[in-house]
Amino acid sequence: RQRAVERISTEPASAVECEDAARLSKRARTAEQTEAPTRGVIIFAPGAGGATAQKMRVFHDQALSSLGVRVFRCDDCALGAGEARWVTQSAQNAKNAAHVLAVAKLAAEQEPGAKIFLAGASFGNRVLAELLRSHPDQLRALNVQSALISCGYPLRKKDAAADPKRVAHLLHLPATVRVLFLQGTLDEFNGPRGGLVELQEVLQQMQATTELVEVPNGEHTLPTAKRLKEVGKTQKEIDALIAESMTRFMSSFDA
């Protein structure tokens with residue numbers, strides 16, 4: 001069920017009320033202040049630190065917004081009762097799930113009828129994988145698709161032995177889920193063998209349908225890539241190619 005690998009040649013803001021952040025993001029979609037029609041909505045779950053990296057924020061507000069994708073970042077949303085961002089000891093903690101569901105509810109209210117997708121960075125991907133497994137009915141009611149867009153999956157800690165829990169999040173995803181992996185070849189969480197060898201082996205074992213986009217020289221904190229002269233690309237071109245991979249994946253749910 002794994003799709004072909006595509007090779008792309010080649011200080012966080014304080015949390016504010018969701019409604020205010022969403023309005024600011026919508027107004028900032030293009031430098032000319034003209035908005036592309038909304039093609040889809042993304043709920044973005046940051047890594048273990050609980051804050052979206054600044055370069056990812058810029059990527060959301062420029063590359064994705066120019067393609068008509070509206071992003072609701074979990075860390076732009078104040079925590080409600082019984083919510084957390086994040087309980088890192090357990091990705092499947094109920095407080096983690098409650099926070100993502102609250103953000104999804106807001107997105108569904110502000111973009112009625114729009115297809116909503118879950119996307120994450122690092123630990124955020126682990127939280128979302130567990131949510132897709134454990135709360136399918138709640139997500140479906142909010143028009144959240146059975147899909148995960150993984151922007152740098154943390155397969156194992158830096159220089160550490162394999163962690164079965166990290167692999168289990170992926171292996172336990174049901175066959176009804178589709179996953180787009182955007183993974184850098186220089187991601188420091190890829191494992192000691194380097195490249196994407198270890199991740200590709202995991203993908204072969206998954207029940208979920210998977211698609212892997214290999215980002216040459218991409219780091220764990222995508223969309224950041226380094227030594228771009230080696231691949232003959234600029235960071236702007238890498239951003240555009242990653243954004244197009246995401247929107248193509250989202251558009252495939254329209255069929």
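I looked up Tyr 153 in this predicted model and found it buried, at a relative accessible area of 0%. Phe 181 counts as buried too, at 0% relative accessibility.

I then checked the two rings against each other. Tyr 153 and Phe 181 form an edge-to-face aromatic pair, with 6.4 Å from centre to centre and 80° between the planes. Tyr 153 lies in the loop between strand E5 (144–151) and H6, and Phe 181 in strand E6 (residues 178–184), so the pair ties together parts 28 residues apart in sequence.

I searched the whole structure for aromatic pairs and got 3. In another of these, the ring centres of Phe 117 and Phe 253 are 5.1 Å apart and the planes stand at 80°, so I noted the pair as edge-to-face. Phe 117 belongs to strand E4 (residues 116–121) and Phe 253 to the segment after helix H8 (235–251), so this contact joins parts 136 residues apart in sequence. I have Phe 117 as buried at 2% relative accessible area. Phe 253, at 16%, is buried because the cut-off is under 20%.

Last, I turned to the largest pocket, which holds about 420 Å³ of space. It is lined by 27 residues, and Gly 47, Ala 48, Ser 122, Phe 123 and His 220 are the closest to its centre. I sorted the lining by class: 12 nonpolar, 9 polar and 6 charged residues. Helices H4 (123–134) and H6 (164–171) each supply at least two residues of that lining.

Notes. Residues numbered from 1 in each chain as written. Predicted model: local features only at pLDDT ≥ 70, side-chain atom pairs only at ≥ 80, totals over all residues. Heavy atoms only, no water. 1 Å grid on protein atoms, 1.4 Å probe; cavity = no way out; pocket = protein on both sides within 12 Å on 5 of 7 lines; lining within 4 Å. Points joined across faces, edges and corners; volume = space filled by probe spheres on them. Helix = DSSP H or I, 4+ residues; strand = E, 2+ residues; numbered from the N terminus. Nonpolar A, V, L, I, M, F, W, Y, C, P; charged D, E, K, R; others polar. Phe/Tyr/Trp six-rings, centres within 6.5 Å; stacked < 30°, edge-to-face > 60°. Buried < 20%, exposed > 50% of the residue type's maximum accessible area, 1.4 Å probe, protein only.
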